[in-house]
Amino acid sequence: MVISRRWAVFLTGVGVWTWVIWPRFGLAIWKDDRSFAGGRPTSFLIVHAILIAASLAIGTTVGVLGVRAWRAVSAKRTEDLVGAGPSRPQD
């Protein structure tokens with residue numbers, strides 16, 4: 001499968017965005033009065049922690065795919081510019 005540079009940048013951006021937004025949201029949830037009752041975590045905190053972990057895992061996967069696609073596009077462009085190397089006679 002071939003992904004364009006534009007899509008590679010988009011996927012990488014989604015991965016970065018995920019890591020910018022979700023940890024901040026996690027801190028807000030942690031500080032929320034509904035997160036703990038009697039010193040113990042509530043279902044409010046547990047559910048949000050699971051959602052945050054899942055989102056970070058998905059965002060990381062998307063970001064890694066974006067970086068890999070970006071590198072593949074760059075390698076392909078370099079190969080096209082330089083050529084596949086010196087031509088050799090076919091056997």
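Mentor: What follows is a conversation about the fold, the helices and the side-chain pairs of this chain.

Trainee: What kind of model is this, and how are its residues numbered?
Mentor: It is a predicted model, in which local features need pLDDT of at least 70 and side-chain atom pairs count only at pLDDT 80 or more, while totals for chains, interfaces and linings use all residues. Residues are numbered from 1 along each chain as its sequence is written, and side-chain values use heavy atoms, with hydrogens and water left out.

Trainee: How many helices and strands does the chain have?
Mentor: There are two helices and two strands, in the order α-β-β-α from the N terminus. Both kinds of element are DSSP runs numbered from the N terminus: helices are H or I with at least four residues, strands are E with at least two.

Trainee: What share of the chain is buried?
Mentor: Of the 91 residues, 22% are buried. Buried means under 20% relative accessible area, exposed means over 50%, and partly exposed lies in between, with a 1.4 Å probe and protein chains only.

Trainee: And the accessible surface of the chain, what does that come to?
Mentor: About 7400 Å², with 66% of it belonging to carbon and sulfur atoms. Such areas come from the Shrake-Rupley method with a 1.4 Å probe, and for residues only the protein chains shown count as cover.

Trainee: Turning to α1, how does its span agree with its 27 residues?
Mentor: At 1.5 Å a residue, α1 should span 39 Å, and its end C-alpha atoms are 40 Å apart, which agrees. The expected span is 1.5 Å times one less than the number of residues.

Trainee: Which residues of α1 are buried?
Mentor: They are A8, L11, T12, G15, T18, G26 and I29. T12, for example, has a relative accessibility of 14%.

Trainee: What is T12 in contact with, leaving aside its neighbours within four places in sequence?
Mentor: T12 touches G63, G66, V67 and W70, where contact means heavy atoms within 4.5 Å.

Trainee: Where does I58 lie, and is it buried or exposed?
Mentor: I58 lies in helix α2, residues 43–82, and is exposed at 57% relative accessible area.

Trainee: Why are W22 and F25 separated by about one helical turn?
Mentor: Because they are three residues apart in helix α1, residues 5–31. W22 is partly exposed at 26%, and F25 is partly exposed at 33%.

Trainee: What about W30 and F36?
Mentor: Their ring centres are 4.9 Å apart and the planes lie at 80°, so this pair is edge-to-face. W30 is exposed at 53%, whereas F36 is partly exposed at 32%.

Trainee: Which side chains meet in a salt bridge?
Mentor: Those of R34 and D32, at 2.9 Å from N to O. The term requires a side-chain nitrogen of Lys or Arg within 4 Å of a carboxyl oxygen of Asp or Glu. R34 is exposed at 52%, and D32 is partly exposed at 22%.

Key:
Phe/Tyr/Trp six-rings, centres within 6.5 Å; stacked < 30°, edge-to-face > 60°.
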